Amino acid sequence: MASPFRPLHIKKYPKFVNENLLESGKIWKKLRNQKYIDETASVTSIHFSPVAPYDFAVTSSTRVQIYSKKTHQVKKSIARFNDVAYSGTIRNDGKLLVAGDATGCIQLFDINSRAILRTIKDHKLPVQVAKFSLGNSTQILSCSDDKTVRLWDVPSQVALSVFSDHKDYVRAGTTSINNPHLIASGSYDQTIKLWDTRSNQCEITMQHGAPVESLLIFPSGGILVSAGGSTLQVWDLIGGGRLVHSLSNHQKTITSLCFDSSYSHILTGSLDRHIKIYDVQDYKVIHSFKYNHPILSVAFSPDDTCLVTGMTSGQMAIQQRKSRSKDTAMALNKKQEERKLFGGTWEFFKRGQNYDGIEEDVRVEGTREKKLAKYDQYLRGFRYSNALDAALAPGNQTIIGIAMIIELIHRDGLRQALANRNEDSLIPIIRFMMRNITILMYRNLLIDVGEILLDLYSGSFGHKPSPVIEEFRKLVRKVADEIRIQKECLKILGSLRMVISSADRVHSVSTISEKETRLEASVIPGVETSLKTDMNNDEASCKVPARISSAYYYEERISCLEVILSSF
């Protein structure tokens with residue numbers, strides 16, 4: 001008795017990031033269901049709790065309110081301020097909140113009890129920035145209109161560092177996750193300064209060219225993003241504060257910046273009533289939102305499902321992407337089951353299909369034969385040529401065509417499937433090779449297909465112009481372009497290795513000046529770590545293309561591609 005036919009086995013390959021989906025902005029178009037909430041005054045700050053359920057703090061007028069991300073209702077209201085409050089920020093554990101006010105006071109609150117745990121009054125003018133250090137949760141960073149930047153120790157309420165080199169109001173500040181000793185501040189004197197708390201001095205000064213409103217530092221610690229005026233600028237801290245990008249996509253002042261959870265996108269809010277989303281791969285705008293009033297603050301939830309925007313009018317816009325939870329799905333199913341069944345309805349027809357019976361019942365297992373796909377039907381009848389055409393038909397996934405080629409090789413039927421074809425049936429196969437010849441997982445397989453095609457048809461078409469000859473020429477150009485790109489990538493990889501090697505040598509030199517010692521302790525040691533971390537995590541903060549991950553991979557790939565190029 002013959003064994004039963006087994007359908008085509010689809011091999012599973014590692015999944016890659018769908019860059020086209022990110023570039024097209026589809027992920028951002030799902031942020032709908034816009035809801036407006038009125039506050040008493042301008043919403044100057046919004047900050048999400050880093051821990052679930054991701055509640056967010058909204059600072060407006062003389063109070064900070066904690067909203068539920070799920071219900072959009074106020075859970076806690078903290079109004080123990082003597083003047084306008086600023087920069088309400090939740091700590092990493094979601095238990096404490098810090099905020100400054102217009103009197104120069106910094107207050108630390110317990111979110112659950114709303115009790116004041118610490119009060120610091122050393123600033124002489126309004127504190128516009130008050131946030132927890134990203135690298136040390138027992139420290140608070142504050143930036144004030146008295147032109148000073150201070151780092152506080154929460155338990156002792158003592159200023160660990162005081163920086164006073166700015167010449168105007170300091171309205172932006174942030175710390176580095178990778179290096180807790182580094183602090184960046186932006187001022188209305190149009191400068192950005194990088195401070196080292198170990199030396200208590202400014203290590204790098206960058207000129208933004210406009211009053212600085214907001215700052216961000218990538219987790220690697222090597223790239224800083226600043227917003228001031230209508231310009232967004234990207235700085236290379238490892239390169240000594242070198243300007244990498246300057247972007248002017250807004251018409252008015254950019255007031256707020258934030259990352260998404262993967263640090264692959266930057267969101268900017270502006271007084272021109274727009275929020276723009278930048279892809280950090282190339283710093284191009286992939287999507288934008290327009291609102292009714294100028295924007296002062298913007299925040300994106302850590303689970304990438306909720307965008308909250310604060311405006312000058314006192315309105316707060318909440319956009320949420322729907323995600324049905326298990327509880328919601330179970331409640332919906334229960335509600336549907338409880339509906340009264342009427343004859344002739346679909347619910348009446350399918351009633352009882354989920355009934356499991358009782359222990360005494362005799363269960364008769366039913367087997368329903370699964371319908372075979374068109375290519376499986378041809379394969380079952382040993383019609384290899386038709387099976388290959390059906391697998392490569394428009395609408396099928398690439399992996400189906402690859403699986404069919406592998407199956408035909410196992411059956412020793414690939415040459416039979418490719419033989420005795422006319423021009424119309426050859427062109428889809430050549431175009432399939434052209435689309436996928438540069439993909440690492442498929443390259444060797446498609447090179448084998450190309451060699452069989454050349455062996456079968458090299459003398460069939462002569463030198464007369466024909467669609468098949470033209471498709472072969474396109475394939476040759478595609479392979480030649482890929483080889484050129486890979487060789488360029490190898491050159492770039494060699495340059496990067498030289499940079500890393502140079503950084504190692506600089507780090508090992510012991511006879512350097514005191515100034516260079518401080519710079520090495522704060523910035524230089526991060527060169528190798530930042531580059532390697534960004535290459536491993538596929539982050540774009542160092543602008544290292546994903547193509548330059550391994551020299552051996554590209555050398556092997558070039559040699560394989562040159563085989564088919566020489567054959568043509």
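Me: Which residue in strand 16 is the bridge partner of Ser185?
Reply: Lys193 is the bridge partner of Ser185. This is a predicted model, where local features need pLDDT of at least 70, side-chain atom pairs count only at pLDDT 80 or more, and totals for chains, interfaces and linings use all residues. Residues are numbered from 1 along each chain as its sequence is written, and side-chain values use heavy atoms, with hydrogens and water left out.

Me: How many bridges join strand 15 to strand 16?
Reply: There are 5 bridges between strand 15 (residues 182-187) and strand 16, and the two run antiparallel. Strands are DSSP runs of E with at least two residues, numbered from the N terminus. Two strands pair if DSSP finds at least two bridges between them.

Me: What sits between those two strands?
Reply: They form a hairpin with 3 residues between them, and Gln190 in the turn has a positive phi of about 70 degrees.

Me: And on to strand 17, how many bridges there?
Reply: Strand 16 pairs with strand 17 (residues 201-207) over 6 bridges, in the antiparallel sense. Thr191 stands opposite Gln207 in strand 17. This is a hairpin too, with 4 residues between the strands, and Asn200 in its turn has a positive phi of about 55 degrees.

Me: Is strand 16 covered or exposed?
Reply: Strand 16 (residues 191-196) is mostly covered, with 6 of its 6 residues buried. Buried means under 20% relative accessible area, exposed over 50%, and partly exposed in between, using a 1.4 Å probe and protein chains only.

Me: Which residues are on which side?
Reply: Thr191, Lys193 and Trp195 are on one side, with Ile192, Leu194 and Asp196 on the other, and all are buried. In a regular strand the side chains alternate between the two faces of the sheet.

Me: New topic. What is the strand order in the open sheet of 4 strands?
Reply: The order is 10-11-12-13, with antiparallel pairing. Strand 10 (127-132) and strand 13 (158-163) are the edge strands, each pairing on one side only. Strand 12 (residues 149-153) is joined to strand 13 by 5 bridges, and Trp152 has Ala159 as its bridge partner in strand 13.

Me: How many aromatic pairs are there?
Reply: The count comes to 8 aromatic pairs. Rings of Phe, Tyr and Trp (its six-membered ring) pair if their centres lie within 6.5 Å; planes under 30 degrees apart count as stacked, over 60 as edge-to-face and the rest as tilted.

Me: Why is the pair of Tyr169 and Tyr188 tilted?
Reply: The pair is tilted because the ring planes are at 45 degrees, with the centres 6.4 Å apart. Tyr169 lies in the loop between strand 13 and strand 14 and Tyr188 in the loop between strand 15 and strand 16, so the pair ties together parts that are 19 residues apart in sequence.

Me: What about Phe382 and Tyr384, why edge-to-face?
Reply: Their ring planes are at 70 degrees, so the pair is edge-to-face, and the centres are 6.4 Å apart. Phe382 is exposed, with a relative accessible area of 56%, whereas Tyr384 counts as buried at 9% relative accessibility.

Me: Which residues do ring pairs link into a cluster?
Reply: Phe48, Phe56 and Tyr67 are linked that way.
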